[in-house]
Amino acid sequence: MPTNVIMPALELAQETGKVLRWLKAPGDSVRKGEAIVEIETDKVTVEIEAPASGVLRDVTARAGDVVPVGQTIALIVEAGAVAPAAAPGPSPLAASAVPSPPAASAAVKASPLARKIAEQHGVDLARVKTASGRVEKADVLAHVEGQKAAPVLLAASPKARRLAAERGLDIRVLQGSGPGGAVLAADIAAAKLAAASSAPAAARAGTQGVGNVWRIMAERMTASWTTAPHFYLVREVNVSRLVSWLDKVRKQTGAHVTYTDLLVKLVAAAISQHPSVNASWKDGAIVRNADINIGLAVAIDAGLVVPVLHRAGTLSLAELAARREDLVSRAQAGKLRPADIQGGGFTISNLGMFGVDAFNAIVNPPQAAILAVGRIADRVVAAGGQPAVQPTMVLTLSCDHRALDGARGAQFLGALAELIEEPLALLV
């Protein structure tokens, strides 16, 4: 039985997804779990993995097509099997390279063997060149080989291809610095910088287009800002013991644990004491989440994404650090999987590494709250009635007042502050 490759749904509000490019050609063998197509979703660009092993057939969505969620975009059949005719489905909402209709192929003069081979490889006969006016087996095979060979001439990383497309650069004219001259993301950045530097000032002014990730981020934040009544709670906390704790953890585990990892651990503990912040407002009711899944706001070239550390409270610090590193690196490479960005119940946004003292974040819908984290800095504070210099950090909790009130938000922030100022309380 063939296995359907469908347009995935990554969140409840998502209705469509855009096919960026296929990583495998029709007729290619694929393994279960192998990335076969890049999809741009409401939040991020992800690689969709093959749901089964076999041969890719009946690719019905081309690069640029916007396809409804749940629609079949290809089939995977067993090697040697003939794929059944694809079931008719809704048409892509927009198509830049829509396959020719079957009627066009039917009108082409071709030998029966050529038609059979074309069907097996998902080839549109109308696109096959022939010198005799009648498509033969050799013509189809030459077309298939030409399609397979094309990517080799354009050696580039997936991220470089995406960045080039987003920035309007012709990847074929760039000098790659990768193995065999492959174009890397750094080459795209260098090319864009060179183009910007050489352009006259007047030409650099004007409107800049944005990708789908940035557009969706703008729409979601606008919706949150205009529909969710925000209020903010601010608290400055002493981080002397947090700094000491980080040093001890690094020495004991050898892992590259960061302040963000410590905060995730402490936030998860505070949420377990005050689960009201781990909720959302939906259809006139407050919905509390069963698990403590904490998202991290990560800035990437295309915009802002929020990969999720699922069941964060059950993980050790070393495990949190490893998962955080994996998620952030894959987010920056555009290789997040659908499960990586689903199920978040609370978000942390940390701008301390950029030297920001404090800021107000916009709630990540439909969540009830988001924690904004400023930098750690030595500040003058009162200690025992005397001025003293101690490291502190400013936390700002942004809340959706429909799902959370000031008292419950303050109780959560107070519990978190106590844990930060005395992190060993976790062991009690």
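Arginine 330 forms a salt bridge with aspartate 326, with the closest N and O atoms 2.9 Å apart. A salt bridge here is a side-chain nitrogen of Lys or Arg within 4 Å of a carboxyl oxygen of Asp or Glu. This is a predicted model: local features need pLDDT of at least 70, side-chain atom pairs count only at pLDDT 80 or more, and totals for chains, interfaces and linings use all residues. Residues are numbered from 1 along each chain as its sequence is written, and side-chain values use heavy atoms, leaving out hydrogens and water.

**Salt bridges**
- The count comes to 11 salt bridges.
- Arginine 330 and aspartate 326 are 4 residues apart in helix α10, so about one helical turn separates them.
- Arginine 330 is buried at 12% relative accessible area (buried is under 20%, exposed over 50%, partly exposed in between; 1.4 Å probe, protein chains only).
- Aspartate 326 is partly exposed at 37%.
- Shared partners join Asp326, Arg330 and Asp340 into one network.
- Aspartate 261 forms a salt bridge with arginine 324, the closest N and O atoms being 2.7 Å apart.
- That pair links helix α9 (residues 259-273) to helix α10 (residues 317-332), so it ties together parts 63 residues apart in sequence.

**Strands and sheet**
- The protein chain has 11 helices and 19 strands (DSSP runs numbered from the N terminus: helices H or I, at least four residues; strands E, at least two).
- An open antiparallel sheet has 4 strands in the order β1-β8-β6-β3 (strands pair if DSSP finds at least two bridges between them).
- Its edge strands are β1 (3-6) and β3 (29-30).
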